[in-house]
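Hello,

Here is the structure you were waiting for. Please have a look, and then read my notes below.

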Amino acid sequence: MAEARNVTRRPAHRNSALKVYFGTPGNTVVTLVCVAILAFAAKAAISWLLINAVFSGTPEDCKAGAGACWPYLAAKLRYMLFGIYPFDEQWRPFMATILFVVAMAISGIPRLWGRPLVVAWAALLPVLFLLMSGGTLGLAHVPTSQWGGLPLSFMLTFVGLICALPLGILLALARLSNLPAIRVLAITFIELVRGVPLISVLFMASVMLPLFMPDGMTFDKLLRAQVAIILFAAAYIAEIVRAGLQALPRGQTEAAQALGLHFWQYTYLITVPQALKTVIPPLVSLFIGFFQDTTLVVIVGLLDFLNTVRTAMRDPNWQGIAVLEGYLFAAVVYFVFSAIMGAYSRYLEKRFRVGHD
Amino acid sequence: MFGKACRVAAAVMTLGASVVTAQAASTLETVKARGKLICGVSMGTTGFALADAQGKFAGFDVDVCRAIATAVFGDPNKVDFVMTNINTRFQALQSGEIDVLSRQTTLTFSRDASLGIDFGPAVFYDGQGLMVAKSLGVNSAKDLDGAAICTLPGTTTAQNLADFFRANGKKFELVVFENPDENNNAFFSGRCDAVSSDRSDLASIRAASKSPGDYVILPETISKEPLAPAVRQNDSNWRDIVSWSVWMLMAAEEKGVTQTNVDEQLKSEDPEIQRMLGVTDELGTMLGLDKAWGYNIIKHVGNYAEMFDRNLGEQTALGLSRGPNTLWNAGGLLYPPPFR
């Protein structure tokens with residue numbers, strides 16, 4: 001590891017850098033052209049984002065201006081973030097999101113991992129649900145059909161993945177099991193779910209399922225979408241975790257068995273922790289992918305963050321004036337959270353490598 | 001550990017299932033017991049149903065919901081809106097998730113006959129049309145021989161175009177987009193010569209352009225699209241409430257009863273106005289409603305003309321003219337049955 005780093009560092013000499021960019025006439029031309037394109041793009045971006053932009057005023061001011069229309073974002077920000085959640089109650093999804101993000105950040109510290117953390121999450125989730133839903137403690141009841149925006153995206157993604165992870169690990173273990181019945185069940189579930197797109201799983205849960213239920217019995221629409229996402233994610237997580245389990249040297253299990261540990265003991269203490277460590281990068285890729293895929297819930301009539309941004313553009317006062325601004329805002333938000341997840345995954349990899357190589 | 005997880009899961013399931021609505025009771029009883037109407041609307045269509053910056057819904061379809069809620073509760077705010085899309089709208093109604101669907105839905109034979117739903121009266125007579133750039137110099141859809149036409153994928157949109165062009169012995173090229181924004185951009189950027197959709201929708205596409213004056217909606221209407229609210233089948237009391245709430249809006253316009261003069265109209269000598277507003281007779285109680293239901297609707301929502309002008313009319317971004325959505329005695333299609 002350390003050696004590899006030195007090898008890449010050695011040519012990072014000032015002269016050789018110059019040589020790379022301007023060494024031959026061909027390189028010089030390519031460099032100059034690239035710099036010119038970059039400068040042109042940067043100039044256009046800066047003039048649109050800042051110089052020609054309208055920073056305050058009405059839709060008419062924006063129509064007259066040639067740059068970005070920032071008052072649009074200001075006017076629509078709360079709708080984009082919280083959707084049709086009652087305006088006066090929007091401090092609740094705000095608080096819930098903050099609490100959730102803080103809790104996620106704290107849970108990210110490896111030293112705190114353990115049973116207390118699981119208990120804390122089991123306690124926190126109902127609190128968040130109560131905060132959003134209300135109906136007690138003087139909080140007005142807000143039905144889940146009015147939830148939307150960023151809290152909804154977070155909930156569908158992270159509650160989905162938190163629930164799917166244990167389910168996925170169990171499925172992976174089941175698929176590697178020596179008991180044929182369990183193995184076949186796990187394979188059937190995983191292949192069935194992986195064999196269809198997320199859209200159709202959501203659609204089944206939202207459109208078909210209620211038709212099979214007894215007359216007049218309906219599950220909450222949001223709950224249906226959430227369960228669909230959990231089942232879907234679990235199948236993919238199972239395959240990733242299985243890869244990690246199969247990468248473990250047999251000796252690990254055999255040694256554990258020789259020490260007299262029974263199946264659940266060595267699974268919980270030895271195999272699964274090591275397998276998870278190996279599969280951090282694909283697992284995080286999957287998480288990032290799911291964070292972005294949750295936007296598909298729009299087909300079952302739920303407004304996640306990207307779609308509150310989209311519907312915000314249809315406001316007749318702002319129609320045709322601000323389009324790029326909204327998408328840009330959405331892109332920045334998605335990028336920030338995806339980048340944080342990516343950085344965290346690199347941190348974990350580094351941390352777990354320590355003492356290994 | 002896993003036992004605990006199972007118990008938590010079971011608790012969550014019961015929580016979800018407790019949102020069950022008892023459909024054995026009539027829809028009116030269910031709505032009254034709940035204290036709120038649940039109305040299915042679109043996820044965001046200018047003029048028909050759109051949430052403002054504060055997340056509050058407004059629009060023509062939304063006002064139909066508010067009129068029904070006012071008929072039941074005397075309060076236009078006792079309604080929760082559930083967003084439905086084209087795929088989930090009928091299922092949401094069938095499964096009892098919503099009490100009424102007010103979402104630019106065309107009343108057709110097969111929907112009425114096979115989907116387990118019933119329709120109220122048409123609240124808006126729409127029809128598929130075509131829009132072109134003025135610079136194209138076309139005055140009639142019949143001049144569009146060989147044109148590229150943008151549409152959204154729909155069960156009937158493309159079919160109607162094919163029928164129309166075949167009937168006129170002309171050819172056209174269909175360009176289908178899954179996403180409305182892409183569809184509109186393709187039209188504005190000149191990828192297509194024309195764009196086709198319901199006329200109200202064309203008006204909203206035009207309103208979204210940088211220079212609405214550059215586009216013209218051609219005079220031909222190539223399909224009939226009566227947009228009507230829908231309810232679950234076999235609850236005729238509930239269907240009556242929805243139908244007569246809509247007709248109340250139209251009758252009020254016919255009788256000149258408006259949001260502003262409704263209090264004076266309580267003293268009106270016209271026997272029909274007296275019956276509508278619950279001054280004499282008690283029409284409302286026959287439907288299981290308050291006798292002042294009609295008064296409440298007009299007081300809180302206004303009559304049909306006010307609703308139209310507020311959401312779709314010339315003063316709004318859509319700028320629609322009344323067209324066929326005029327009263328029968330002014331040459332339109334709105335013909336509320338008598339209140340007697």
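Is the disulfide of A:Cys62 and A:Cys69 right-handed or left-handed? The torsion about its S-S bond is about 80°, so this disulfide is right-handed.

Before the rest, some ground rules. This is a predicted model, where local features need pLDDT of at least 70 and side-chain atom pairs count only at pLDDT 80 or more, while totals for chains, interfaces and linings use all residues. Residues are numbered from 1 along each chain as its sequence is written, chains are lettered from A and ligands numbered from 1 in the order in which they are written, and side-chain values use heavy atoms, with hydrogens and water left out.

Disulfides

A disulfide here is a pair of cysteine sulfur atoms within 2.5 Å.

- A:Cys62 and A:Cys69: the sulfur atoms are 2.0 Å apart. Both residues are buried (under 20% relative accessible area; exposed is over 50%, partly exposed in between; 1.4 Å probe, protein chains only).
- B:Cys39 and B:Cys65: S to S is 2.0 Å. The torsion is about -70°, so this disulfide is left-handed. It links distant parts of the chain, 26 residues apart: B:Cys39 sits in strand β1 and B:Cys65 in helix α3 of chain B. Both cysteines are buried.
- B:Cys150 and B:Cys192: the sulfur atoms are 1.8 Å apart. The torsion is about 55°, so this disulfide is right-handed. B:Cys150 is in strand β9 of chain B, and B:Cys192 is in the loop between α7 and β11, 42 residues apart. B:Cys150 and B:Cys192 are buried.

Helices (H or I, at least four residues) and strands (E, at least two) are DSSP runs, numbered from the N terminus.

Two other cysteines: A:Cys34 is partly exposed at 41% relative accessibility. A:Cys163 is partly exposed at 33%.

The sheet in chain B

5 strands form an open, mixed sheet in the order β10-β9-β11-β8-β12. Strands pair if DSSP finds at least two bridges between them. β10 and β12 stand at the edges with a single partner strand each, so one side of each is left without a neighbour in the sheet. β9 and β10 run parallel, joined by 5 bridges. B:Cys150 has B:Val175 in β10(B) as its bridge partner.

A buried threonine

B:Thr105 lies in the loop between β5 and α5 of chain B. Its relative accessible area is 0%, so B:Thr105 counts as buried.

Best wishes
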